[in-house]
Amino acid sequence: MATDVETRADPRLTVGAKIPIKLVGLFIIIGAILPFLLGGYANFQGTLIMIYAIAILGLNLLTGFNGQFSLGHSAFYAVGAYTAAILVYHLDWPVYVTIPVGGVVCFIAGFLFGLPALRLEGLYLALATFALGVAVPQILKSSHLEGLTGGVQGLDVFRPPVPEFLPLTMDQLWYYIAFGVMLIMFWIAWNLINSRTGRAMMAIRDNPIAAKSMGVNASLYKSLTFGVSAFYTGIAGAMAAIVIEFVAPDSFTFQLSILLFIGMVVGGTNSIWGAIFGGFFILTVPNFAEEISTGLSYAIFGVILILVIYVLPSGVAGLVNLLRVRIRKLL
Amino acid sequence: MNTGRKLSLTIAAVAALGMVATSALADKMYGPGVTDTSIKIGNTNPYSGPAAAYSAIGKSIAAYFDKINKENGGVNGRMIEFISLDDGYSPPKTKEQTRKLVEQDNVLLVFQGLGTPTNSAVHNYMNQKKVPQLFVATGATKWGDPENYPWTMGWQPSYQTEGKLFGAYIMENVKDPKVAILYQNDDYGKDYVTGLRDYLGDKADSIIVAEESYEVTDPTINSQMIKLKDSGANVFYNVSTPKFAAQAIKKFRELNWDAVFLNNSVSNSVGAVYKPAGLDNSKGIISLQYFQDNTDPSIFDTEPYKKWKAFMTEYYPDGDLSSSFTVYGYLVAQTLEQVLKQAGDNLTRENVMKEAANLDLELDMMLPGVKIQTSPTDFFPIEAMMPIEFDGEKFVPIGKVVSVN
């Protein structure tokens with residue numbers, strides 16, 4: 001009898017889903033061709049979208065897959081960005097190395113912040129992280145750290161020129177770097193979610209008591225998830241610092257946390273690739289709203305946001321999944 | 001033979017045409033964003049976010065360009081197309097919007113980007129791309145560095161310039177000066193002190209008898225004030241932001257310190273500083289200003305004020321007549337108008353920069369004697385200011401304009 005139950009179980013629950021190779025392959029081909037079809041500015045925007053997508057995915061691992069709320073991810077984004085900027089500006093490190101370093105610093109920061117924050121659930125955690133988000137810009141401006149952070153003036157980050165053997169512009173090169181990093185990060189996230197660890201994360205989200213009674217070490221998993229989430233956001237922050245070539249405290253206000261949150265909801269919580277839509281949304285829709293009316297851009301952004309949430313209650317990813325099921329039924 | 005002759009004729013004709021074309025080009029040289037009938041000017045300004053109060057500057061500039069488009073048909077027959085984008089005072093957004101202006105909208109130049117961190121984010125980019133970043137709206141000193149950043153120019157007096165001008169004021173008006181300085185311990189505070197020291201030169205160490213700094217996070221500056229008074233100085237040079245400036249004024253009176261009170265323009269505000277400190281306490285404080293105070297009733301009958309007011313009523317009716325930002329926008333837009341006028345039909349980016357570095361201009365809402373002057377080695381347009389004294393209600397010009405030169 002017992003074996004009977006096991007054979008009937010959905011294999012996705014035990015070994016995880018398989019990567020849809022065809023779709024991913026198509027995505028990679030399109031992504032690789034795009035920089036040659038678009039101008040420098042569009043490449044720069046594409047790069048920012050991918051950077052936001054990585055940060056949103058980090059937030060989604062925490063909120064969508066583990067059920068913990070954070071309104072302070074701008075802080076981790078800032079820590080990643082400043083790590084990269086300080087290493088390049090003060091110590092002349094190669095920019096490429098600073099990206100993973102930014103991520104690791106954020107992982108440690110996130111893990112340590114996650115430990116005490118564990119005692120806080122839901123809304124209380126949201127408030128604690130909110131405090132972190134509003135504190136960080138002020139800390140960066142503080143005169144005690146001014147020698148390191150450049151204070152209000154910020155720091156310049158200089159990118160080395162494109163290596164001569166590459167027939168690429170600076171914008172194209174960084175588009176490809178961001179594209180590569182994003183693919184790796186998405187692949188890691190996919191493997192994480194479709195593993196024992198991922199199932200434990202989701203079990204804690206769905207029913208913490210049941211998860212604990214199954215032997216899941218909830219506190220360890222929660223702080224680890226916090227660390228991994230911060231790691232993703234830190235990687236994104238470091239890349240943003242390099243691509244924008246400048247960091248300043250005003251770049252990492254609480255508003256950035258909200259934007260990432262919006263991106264996550266619009267893209268679809270519980271979805272990995274929805275983060276790309278989220279990044280696309282938070283970069284392009286404010287610009288679009290501004291084009292309609294400069295004075296009312298936030299009102300228009302709000303209206304668009306309400307419409308999107310009303311029409312797509314489970315995000316863009318949810319809509320796509322729904323359409324796939326419907327089409328399959330029709331066929 | 002026949003074909004050969006035809007060919008040579010054709011070549012001659014083409015060559016002749018080519019020469020006509022080049023000579024026409026020699027008269028009219030256009031950079032990106034310029035046509036026979038229009039010039040595209042880009043701008044970033046915070047229309048949303050924490051610094052949105054500054055949006056009055058962007059709006060008054062747009063209103064001024066509307067005015068010259070309507071009344072004069074633009075500049076030299078070219079309408080000004082002013083593209084002003086919102087950056088919410090966020091440096092990454094500034095970078096994105098500025099790249100849009102330069103690469104997508106193809107503007108001739110970017111004008112009056114607002115804020116120090118925001119302009120810093122595009123400082124290198126603009127200079128690498130060789131696009132003029134003209135008359136940025138910030139008081140930092142780094143915008144006047146033609147050697148390293150030949151495509152960037154500030155407009156308002158920098159903090160260092162103002163520091164120098166205070167030096168000039170002290171040397172001209174105070175006998176046997178002994179200066180005590182209170183300053184905020186950051187770039188802004190140090191810039192003011194550096195400016196003063198630069199002006200005093202070798203004598204700085206003997207004239208400056210005391211220096212005390214405070215941190216933005218300090219609750220009060222009382223102990224600093226007591227130390228400064230004990231130094232026996234007869235000039236108090238206050239480089240602090242509004243909250244601390246109000247405290248300094250109160251303490252200054254409490255201690256019965258008999259000295260000339262010099263106040264930096266950062267806290268030269270009736271509402272934010274002099275009222276909280278007590279209007280009576282604030283009598284006699286001296287500060288520097290470079291354009292007319294549009295809230296001072298004594299100038300309401302003057303021609304410049306009437307002209308400005310007529311402009312405001314017609315082109316920017318929602319604008320606040322008591323805000324200095326609207327005067328600022330009106331003046332800085334006229335400065336760009338002058339640059340474009342001087343550039344004539346040679347509207348390349350190089351020539352625009354050349355003309356921006358070749359200004360000698362007086363504008364009517366400026367205080368008399370304050371000129372806008374630049375040269376290829378001097379990228380600080382305004383380097384003269386008028387000393388003004390607060391009389392308990394309003395500012396009264398005293399003495400004559402002080403200038404760095």
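Let me start with helix α3 of chain A, residues 21-37, which has 17 residues and, in this predicted model, reaches 25 Å from its first C-alpha to its last, close to the 24 Å expected at 1.5 Å a residue. Is this helix buried, or does it lie largely in the open? Of the 17 residues of α3(A), the number buried is one, so the helix lies largely in the open.

Now for the nonpolar core. The largest one has 205 residues, and among those with the most contacts inside it are A:I51, A:I54, A:L57 and A:A81. Domain 1 of chain B (38-157 + 301-366) and domain 2 of chain B (160-289 + 388-403) both give residues to this core, so it lies between them. As background, nonpolar side chains in soluble globular proteins tend to be buried together. Taking A:A81 as one case, and leaving aside residues up to four places away in sequence, we find that A:A81 touches A:G237, A:A238, A:A240, A:A241, A:V247 and A:F252.

Turning to chain B as a whole, we have 13 helices and 17 strands, and the C-alpha atoms fill a box of roughly 105 × 45 × 40 Å along the principal axes. Of the 405 residues of chain B, 48% count as buried, and if we take the contacts in chain B with a separation of 6 or more, residues 24 or more positions apart account for 68% of them.

Finally, where does B:G278 lie? B:G278 is in the loop between α10 (270-277) and β11 (286-289) of chain B, and because B:G278 has 14 C-beta neighbours inside 10 Å, this residue counts as partly exposed. The C-alpha atoms of B:G278 and B:L359 are separated by 42 Å, and these two residues are 81 residues apart along the chain.

Methods:
Residues are numbered from 1 along each chain as its sequence is written. Chains are lettered from A and ligands numbered from 1 in the order in which they are written. This is a predicted model: local features need pLDDT of at least 70, side-chain atom pairs count only at pLDDT 80 or more; totals for chains, interfaces and linings use all residues. Helices (H or I, at least four residues) and strands (E, at least two) are DSSP runs, numbered from the N terminus. The expected span of a helix is 1.5 Å times one less than its number of residues. A residue is buried if 20 or more other C-beta atoms lie within 10 Å of its own, exposed if 12 or fewer, and partly exposed in between; C-beta atoms are placed from the backbone. A nonpolar core is a set of buried Ala, Val, Leu, Ile, Met, Phe, Trp, Tyr and Cys residues joined through C-beta atoms within 7 Å. Domain bounds come from an automatic or database domain assignment. Two residues are in contact if their C-beta atoms, placed from the backbone, lie within 7 Å.
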